[in-house]
Amino acid sequence: MRPMIEPAAGRLFDIYYQYTSKDDLVALQSLSEEAYKLHERLSKLSAKNKGLIELDEFLLLKALRNYSVHRDDFIGKAYAVKRTFAEQHQLELQRVCLIDKKVVRVALNSEKPLPFGEQEKISKIGSQLVDFGEFYNIEPVIFNFMVKVYEKLIALNLTIPGEGFAEIGKSYKNEVYHNFPHYVSLQSVNVKNEDILSNITPLKDIRISDNQGLLTEEEDPFNKIALLDLDSSNYTVMDYEGSDYEAMHDAMLKKITDAPEILKIARLAPKHLGVAFVNSNDANKAPEVTAFNINKQKSAFQADGVNLDPTYYETTAYELLVLLILDNKIFPVIIYKNSLLNLPNKSDTSSVCDQVEIDLSEFGGEKVSINVPKNQHQNFSVNPLNDKLGRNDPCLCGSGKKYKKCCLH
């Protein structure tokens, strides 16, 4: 069955990328048909394999596919959200795919009961329907469905042909690198659906493909930054509590915000980059401020027997690892990037990207200008708990453990 699955999957992803540039729904009908074929072939891999039926998004697409096969074409159209509006409200998707509610209702009412129960099926499909007045916007459903199919095929270790699958693979890898989510929200938290509906425009007026995405790992100038210039064989790590941690945190935050070049790096650094303040033995000499690659530094520290709490290495896009190194002691601190960010003026939507110039020469790199997508800033919103709890405070879940060793991550 594998030779039958692989070309079917390749066609599905190729059709998906055709669909994203079309405003009519012919490509959506083809996509739903190919998804159904792939489901049938996957379900024949083994007696236990249920194909795609366990994906909530597939239940809706399957109903729409059956409608198009047995009844009629879809009533609806795809549009683009006006770029300035999408940027201003930090929308995850600039495209909407609107299908007439009456079509969807007929499609759902015509579906046969599923093995796991009719009420559960209705609930799962209903949760995918995003109300846009007379229409449902199923664009986020399709987006999430394609990501989940990609993950399923990768898990099966299949070799999928075609540019479509290769493209989603690049995007997926890039999201992993930046520690960004793979799925989009069904509804925006920043704006009402009716306001989005009043700010759509024909797809031909905006080339969504022109939007610049995240830097790839190869493009990332921060990758040139490596290790701290230290002999850490005699170093120890200071583990401190409560108010002591908060005082150290505030002192490191001030050091960063007082240094413009470091602040730029701290704001934009990917998850693998940290900042260190290394004090020399000369009391009159200012500490050396430098950046370092967390993953590489972890290996170097461990080789010297320096065991930093693993949770400090597990930074996300929201966090910055800062090390104060003084008298052969390492004081680790996590700073949340929302405290470093000057968010762009929401009325300024003149371009898709912010251009930022950073001088990396002091850190083993060079002077570079990078484009940071404006909607990247939304990924630095932080869990409200993180603003209230120190990493060494008792966790609110009642486990008795420190927050950093319990629910922080």
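# Briefing: sheet, helix pair and loop residues

The protein contains 14 helices and twelve strands, and the model described here is a predicted one. Of its 409 residues, 47% are buried.

- Five strands form an open sheet in the order 3-4-2-1-5, and their pairing is antiparallel.
- Strand 3 (131-132) and strand 5 (200-202) are the edge strands, each having a single partner, so one side of each is left without a neighbour in the sheet.
- Strand 1 (residues 76-81) pairs with strand 5 in the antiparallel sense through three bridges, and within these two strands Val81 is placed opposite Ile200.
- On its other pairing, strand 1 runs antiparallel to strand 2 and is joined to strand 2 by five bridges, with Ala80 standing opposite Arg95 of strand 2.
- Strand 2 is also paired with strand 4 (residues 135-137), again in the antiparallel sense and over three bridges; here Leu98 has Asn137 of strand 4 as its bridge partner.

**Burial of strand 2**

- In strand 2 (residues 95-100), six of the six residues are buried, so this strand is largely enclosed by the rest of the structure.
- The burial applies to both faces of strand 2, since Arg95, Cys97 and Ile99 are buried on one side, while Val96, Leu98 and Asp100 are buried on the other.
- Arg95, which stands opposite Ala80, and Leu98, which is bridged to Asn137, therefore belong to a strand that is largely enclosed.

**Helix 2 and helix 7**

- The axes of helix 2 (residues 26-43) and helix 7 (residues 139-155) come within 13 Å of each other and cross at roughly 30°.
- With angles under 35 degrees counting as roughly parallel, helix 2 and helix 7 are therefore roughly parallel to each other, and their crossing is left-handed.
- Helix 2 contributes Leu28, Leu31, Ala35, Leu38 and Leu42 to the contact, and helix 7 contributes Ile142, Phe145, Met146, Val149, Lys152 and Leu153.
- Sorted by class, the residues of this contact comprise ten nonpolar, no polar and one charged.

**Loop residues with positive phi**

- Asn157, in the loop between helix 7 and helix 8 (163-178), has a positive phi of about 60° although it is not a glycine.
- The relative accessibility of Asn157 is 62%, and Asn157 therefore counts as exposed.
- Asp327 is located in the loop between strand 9 (319-326) and strand 10 (329-336), and its phi is near 50°, a positive value in a residue other than glycine.
- Asp327 is exposed as well, having a relative accessible area of 55%.

**Asn279 and its surroundings**

- Asn279 lies in the loop between strand 7 (273-278) and strand 8 (288-293), and at 28% relative accessibility Asn279 counts as partly exposed.
- Once neighbours within four places in sequence are left aside, Asn279 is in contact with Pro287, Leu324, Ile325 and Leu326.
- Asn279 and Asn328 are separated by 49 residues in sequence, and their C-alpha atoms are 9.2 Å apart in space.

Conventions. Residues numbered from 1 in each chain as written. Predicted model: local features only at pLDDT ≥ 70, side-chain atom pairs only at ≥ 80, totals over all residues. Heavy atoms only, no water. Pairing = 2+ DSSP bridges. Helix = DSSP H or I, 4+ residues; strand = E, 2+ residues; numbered from the N terminus. Axes fitted to C-alpha atoms, helices over the stretch in contact; angles between N-to-C directions. Parallel < 35°, antiparallel > 145°, perpendicular 65-115°, else oblique. Left-handed = near helix turned anticlockwise from the far one by under 90°. Contact = heavy atoms within 4.5 Å. Nonpolar A, V, L, I, M, F, W, Y, C, P; charged D, E, K, R; others polar. Buried < 20%, exposed > 50% of the residue type's maximum accessible area, 1.4 Å probe, protein only.
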